[in-house]
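Here is a note for a colleague who is opening this entry for the first time. Please read the points below with the sequence and the structure side by side.

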Amino acid sequence: MISPKELGFYMPAEWAEHKATWLSYPHNEDSWPGKIETIFPSYHLFIKTLSEDEEVHINVDDQRMQDHVQAALEQMNANMANIFFHQFPTNDAWCRDHGPAFLLNRQDPTKRAIVNWNHNAWGGKYPYQLDTQIPVHIFNYLKNHEASLQLFEPGIVMEGGSIDVNGVGDLLTTTSCLLNENRNPHLNQGQIEDYLRVYYGVDNIIWLGEGIDGDDTDGHVDDLSRFISEDTIITAVEENAWDENYQALQDNLKALNQCRLANGKQPTVVELPMPDMVTYDNQRLPASYANFYIANKKVIFPTYRCVTDNEAAYILEECFPNHEIVGIDSTDIVWGLGSFHCLSQQEPKL
């Protein structure tokens, strides 16, 4: 079988122009026990903000949910002409991880593809039987409008939040997640790297170590470090040496300062502060400004009602001079153990 990479397919960077953003509407009360209703003002604002500049496709369970969401978004004056509903039932809202990975083609710009990785809810922690079907649902929907669309199924577990790419051959990930025995225990590091190269179309893999405290994904990189250009990586850094996150983030910073890109050059590394500790029900939550989402004209980042929100906004403004930086309160959303990047999956434009 000829691999996706050999066929010219690759995953573009998140800042490549989107055709759409895909979301799975939150409904699982077990993900936000005792306070799911508090997340919707921020979540609906996220949808409204996205809809101003690109299509937003929302997976809902049934017609009743669709009617409810549509009414809520209309009340917020969202751009309903850019909002589309799909009755594709889900277990949960984390579309970054259960949604498809979209690929473009370097050899033929009229072709796209979808990678349907297996999803096992971060090592079998939660139900996932509906979530794991979402990439095929989306493929079948898009295939009706795009006859050349291809589907690749590697047959191993992989989550969108566990990797980040710059679109020119480099990929960021963590050993704590991808080498965790609860994902693909039959594969060693070299074999996992082979899958990453073949199905994301990359040449160079940059390994970081541990994730942040409170993250039940075993260390997704989208809470730690992100490409913001082909040669620049922004990374979360904790300044308080007594904080649980301090050493892991320092280790990741050191790894980034020592790594090389596929072109042989050292990346520029930008430091992003961590917010104040966010806790709820005696549990520390994985609050991080690195969980931002790069939309077509905006960068939407989570805020946490603390003074470093403004510092993070300023740094992101410096990093994305051609985007509007929009902060949306994620203090309640992060009780679900994720934020805006975890909730979304970009569909690149042909």
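The points below go from the whole chain to single residues.

1. This is a predicted model, in which local features need pLDDT of at least 70 and side-chain atom pairs count only at pLDDT 80 or more, while totals for chains, interfaces and linings use all residues. Residues are numbered from 1 along each chain as its sequence is written, and side-chain values use heavy atoms, with hydrogens and water left out.

2. The protein chain holds ten helices and 19 strands, where helices (H or I, at least four residues) and strands (E, at least two) are DSSP runs numbered from the N terminus. Its radius of gyration is 19 Å, close to the 20 Å that the globule rule gives for 350 residues, so the chain is as compact as a globular protein of that length; the radius is taken over C-alpha atoms, and the rule is 2.2 Å times the number of residues to the power 0.38. The C-alpha trace spans about 50 × 50 × 40 Å along its principal axes.

3. Of the 350 residues in the protein chain, 60% are buried, a word that stands for under 20% relative accessible area, with exposed meaning over 50% and partly exposed lying in between (1.4 Å probe, protein chains only). Among contacts (heavy atoms within 4.5 Å) with a separation of 6 or more, 77% join residues 24 or more positions apart.

4. By the rule that a disulfide is a pair of cysteine sulfur atoms within 2.5 Å, the count comes to zero disulfides. For cysteine 306, the nearest cysteine sulfur, that of cysteine 342, is 18 Å away, and cysteine 306 is buried at 12% relative accessible area. The sulfur of cysteine 319 lies 16 Å from the closest cysteine sulfur, in cysteine 259, which is too far for a bond; cysteine 319 is also buried, with a relative accessible area of 18%.

5. Alanine 121 belongs to helix H4 (residues 121-124) and is buried at 1% relative accessibility. Aspartate 218 sits in the loop between strand S10 (204-208) and strand S11 (225-229), where it is partly exposed, with a relative accessible area of 22%.

6. Glycine 190, in helix H7 (residues 189-200), is partly exposed at 36% relative accessible area. Glycine 190 and asparagine 59 are 131 residues apart in sequence and, C-alpha to C-alpha, 35 Å apart in space.
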